[in-house]
2 protein chains.
Amino acid sequence: MMPGNTVFAQPLARSRLHEEIVSILQKQILTGMLAPGTRLPPERELAESLQVNRATVREALRKLEHVELLDIRHGDGVYVRDYMESGSIDLIRVVSGMDDGNGALLDVLEVRRIMVPEMARLAAMRRSSADLADLERIIFREDSVVMEQDIQVHRVIARASGNLLYTIMLNFFNQLFRDHVLLYFEKKQNIERSLAFHRDIFAAIRDQKSGEARRIMQEVLLFAEAAVKESMARQP
Amino acid sequence: MMPGNTVFAQPLARSRLHEEIVSILQKQILTGMLAPGTRLPPERELAESLQVNRATVREALRKLEHVELLDIRHGDGVYVRDYMESGSIDLIRVVSGMDDGNGALLDVLEVRRIMVPEMARLAAMRRSSADLADLERIIFREDSVVMEQDIQVHRVIARASGNLLYTIMLNFFNQLFRDHVLLYFEKKQNIERSLAFHRDIFAAIRDQKSGEARRIMQEVLLFAEAAVKESMARQP
DNA sequence: ATTGGTTTATTGGTTGAACCAGTAAACCAT
DNA sequence: ATGGTTTACTGGTTCAACCAATAAACCAAT
């Protein structure tokens, strides 16, 4: 893969104004500065105190409503909800991005360690011949970058599991650990570990050996997890 | 519990205008009517064709951006993303609410069957004495409604697992199956099943028998799952 | 022919000032 | 005490602009 592209890899998305407001309020809610049940100032006041238009404030409040951090009641007001009662996984992204957010990342790793092997097991049981063909095409292609190959392998396995939620959660994991994955595939030994994994999981899924698929997935996850934790320790 | 409250149980939330727009676009994207990569008309045109103000359109588009169904690019335009690449669990809610949405609900049940017993196992291992006290207080209280009791039991177990993601996903499950849970606790035999479950899981967690906690949780989940599937078959 | 800078039309982002619509609290009549 | 009415406040929506980023067309220099 192309080395040294860490600087201009991302388009450095300039934050939009309403996203700034989201960050400010998010932080205050998650740190408890704004306790659950608290009633926020009216939109008009918020807009004035933030020196911003009311429409901009509204777009920010809307986002916080979507992640169930706020309760917006027409004619009444805006109330802070208890984030421990939220059912929005997006909250994890927010918490992960905070100062001591690595704890949340460890939580995600723990859940992934349980879910993804099970996903592989189901995939081995349920895979169609089309799934198998996709997997083979992805794995036995010389020109491709291993990292992209790896992501696609997981994606096809998720699809083969026949469970939409697995696909979505896999995407969620990939997004969350995007930076760590980039680092992971810098090391030659990790790349070789992945290639071996691709070979083995393909065989297991081809032969519909569900237990073995599960085991293979679990092993590679533990391996990758150790690498992630190590890089987290270095760059907190 | 109070019977016959099915009519006025919910405040029949009148949909806000921007939510209507969200529904319309969501449907078109998830059914493939709007294919990934498609560029939406400019906000101004959308507003005109929907006979609605641009600010209202924007709040709708914002929501769809949050669930990763749209990609909004300043100065460029609004593009439809591939929902199979979304990492937003909220999508499941949307899919579940569609015509053939029960498939998605079955997917969620399948994941829950894997995750929640593991959550109980961790809770038994990690529970603090405060967690245990909470659990005891909730379970051995005569005046409470069993359904609320049950939800709180699960909530404390999630908290005791020490993993924030479990708490959030549990909330997600509860919200998704809210209606089914209501039906579930109409039946006397189900209530008794839950009371026995509370007793057993409490003992397992108290004695920190993690394997047993896991097994007990798994059994009650399978039991409840069967009931949910049955009621799904009756009321699709 | 390619590169790099400039212009321009288009599109999302933000603003200000209104008005509509739902809520809760105070108030009043019964 | 109960039920209906008024009122002040708050979120929801609208309208009409202007700001800012993008892409495409264009142009100039190499």
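Domain bounds here come from an automatic or database domain assignment. On that basis, chain A of this predicted model is divided into domain 1 (17–85) and domain 2 (100–234), and the C-alpha centres of the two domains lie 37 Å apart. Chain A meets chain B, and protein residues surround DNA strand C and DNA strand D.

Residues are numbered from 1 along each chain as its sequence is written, while chains are lettered from A and ligands numbered from 1 in the order in which they are written. Because the model is predicted, local features need pLDDT of at least 70 and side-chain atom pairs count only at pLDDT 80 or more, whereas totals for chains, interfaces and linings use all residues; side-chain values use heavy atoms, with hydrogens and water left out.

**Chain A**

- Chain A has 11 helices and two strands, where helices (H or I, at least four residues) and strands (E, at least two) are DSSP runs numbered from the N terminus.
- The order of these elements from the N terminus is α-α-α-β-β-α-α-α-α-α-α-α-α.
- The C-alpha trace of chain A spans about 65 × 40 × 30 Å along its principal axes.

**Interface of chain A and chain B**

- The contact (heavy atoms within 4.5 Å) takes 43 residues from chain A and 43 residues from chain B.
- The size of an interface is often given as the accessible area lost when the parts come together.
- About 4,000 Å² is buried between chain A and chain B, with carbon and sulfur atoms giving 57%; buried area is the accessible area (1.4 Å probe) that two parts lose on being put together, summed over both.
- The interface holds 10 salt bridges, each defined as a side-chain nitrogen of Lys or Arg within 4 Å of a carboxyl oxygen of Asp or Glu.
- One of these joins Arg16(A) to Glu65(B), at 2.7 Å from N to O.
- Helices H3 (54–66), H4 (90–96), H5 (102–126), H7 (146–160) and H8 (164–176) of chain A each supply at least two residues of the side that touches chain B.
- That side of chain A has 17 nonpolar, 10 polar and 16 charged residues; Ala, Val, Leu, Ile, Met, Phe, Trp, Tyr, Cys and Pro count as nonpolar, Asp, Glu, Lys and Arg as charged, and the others, Gly among them, as polar.

**DNA strand C**

- DNA strand C is surrounded by 27 residues, of which Arg16(A), Leu17(A), Thr56(A), Arg54(B) and Arg58(B) are the closest; a residue is near a strand if one of its heavy atoms lies within 4 Å of it.
- Base nitrogens of DNA strand C lie 3.4 Å from a polar side-chain atom of Arg54(A) and 3.2 Å from a side-chain N or O atom of His74(B).
- The surface near DNA strand C comprises six nonpolar, eight polar and 13 charged residues.

**DNA strand D**

- Among the 27 residues around DNA strand D, those that come nearest are Arg54(A), Arg58(A), Arg16(B), Leu17(B) and Thr56(B).
- A polar side-chain atom of Arg58(A) is 2.8 Å from a phosphate oxygen of DNA strand D, and one of Arg44(A) is 3.0 Å from a base nitrogen.

Notes: Polar contact = N/O pair within 3.5 Å; in protein donor to acceptor, adjacent residues only side chain to side chain.
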